[in-house]
Amino acid sequence: MGARAVGRDGAARRVLAARAARAGVAAAVVAGLTAGCGPSDDVTAAPATPAASTAAPSADAPSAGATPVVPDAESVLRDGAPLADAARPGHDAGSLLPVDGGDLQVVDQGDGSVAVTVQGAPGTLAWVAPPSGGRGEVQSDGSLTLHDEAGTVVAALAAPVAADGTRAAWRPSGDVVALDGPTGSASFVVGTVPLEGATWGENEGGRSLAVVPRPWVRDGGLAAQQALASQLSATEPEAASPSMQAQLWCHVLGARDKASWNLEPWRPEVPTTTLLATRCNPTDDDA
């Protein structure tokens, strides 16, 4: 699916809604997202640079240099584009609402994620809201997770990057999260369905859960990995055990390209060094 430029306001929402309906792809999201990988220092949003303008301000757009009014989560959920997947009707993953005057390019990645570029005046480019009663959490690598009221991760937004390669940032503001783009653009990936499949079988004489993550998770950062762990636990409660969660993270770190990640509930919980030394497969002899 090719890129498409869309204006903010009501027109953006209508175009994206129509696009999502035509493509059958969820959440066209008046926004989307890009993936990063590996933890790094917390990102601090750079100060917004006022855009020069000689045009008279209008009622529809803030005057040059003005700080956008921070909307509440209810407004973003009502007026923004849903970050949901069409394959999961009724699934609420929050919404994204560009600041007035912003343009979007939305590209379906074909792997359960959408890549988006937001362009506008330098400064705050868009607002993101989690599902009602939920929360947003910026990860240490600059990516963003959106959680529902129960705490499950329902959307993973990668660390945003500007066109010149510098880092844009997600910034909590009240009950929403701002997308700050000091250069006037930011690209990122959003994914809402991290799990391709999870099937129980037998391995080494015991029960084993074969986990297959979506491609965007394999190449993603902390938000993508958190989304996978969260959805796996919600889908297969037994996988929420400390041992199976540790095995999952071990595979994320050391077996990213393996076709499936086999997690066994009977394996003991061991120190991280032992887990890595046993290639994620500790036995009682290693405990």
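**Close-up views of a predicted model**

**View 1. Surroundings of Gly197.** Beyond its neighbours within four places in sequence, Gly197 contacts Ala210, Val211 and Val212, where contact means heavy atoms within 4.5 Å. This is a predicted model in which local features need pLDDT of at least 70 and side-chain atom pairs count only at pLDDT 80 or more, while totals for chains, interfaces and linings use all residues. Residues are numbered from 1 along each chain as its sequence is written, and side-chain values use heavy atoms, with hydrogens and water left out. Gly197 belongs to strand E13 (residues 195–203); strands (E, at least two residues) and helices (H or I, at least four) are DSSP runs numbered from the N terminus. Gly197 counts as partly exposed because its relative accessibility is 24%; buried means under 20% relative accessible area, exposed over 50%, and partly exposed in between (1.4 Å probe, protein chains only). Between the C-alpha atoms of Gly197 and Thr235, 38 residues apart along the chain, the separation is 9.9 Å.

**View 2. The sheet that holds E13.** An open, antiparallel sheet of 3 strands has the order E13-E14-E15; two strands pair if DSSP finds at least two bridges between them. E13 and strand E15 (261–263) are the edges, each with a single partner strand, so one side of each has no neighbour in the sheet. E13 pairs with strand E14 (residues 206–213) over 8 bridges in the antiparallel sense, and Glu202 has Arg207 in E14 as its bridge partner. Helix H4 (residues 222–235) packs on this sheet and touches E13, E14 and E15, its direction making about 60 degrees with that of E13. Axes are lines fitted to C-alpha atoms, for helices over the stretch in contact, and angles run from 0 to 180 degrees between N-to-C directions.

**View 3. The largest nonpolar core.** A nonpolar core is a set of buried Ala, Val, Leu, Ile, Met, Phe, Trp, Tyr and Cys residues joined through side-chain atoms within 4.5 Å. The largest one has 23 residues, of which Leu83, Val128, Leu146, Leu157, Trp170 and Leu179 touch the most other members. Among the elements giving two or more residues to this core are strand E6 (123–129) and strand E11 (176–181). Another core, of 20 residues, lies apart from it and includes Val211 and Leu228.

**View 4. Strand pairing around E6.** Strand E3 (residues 95–98) and E6 are joined by 4 bridges, and Leu96 has Val128 in E6 as its bridge partner.
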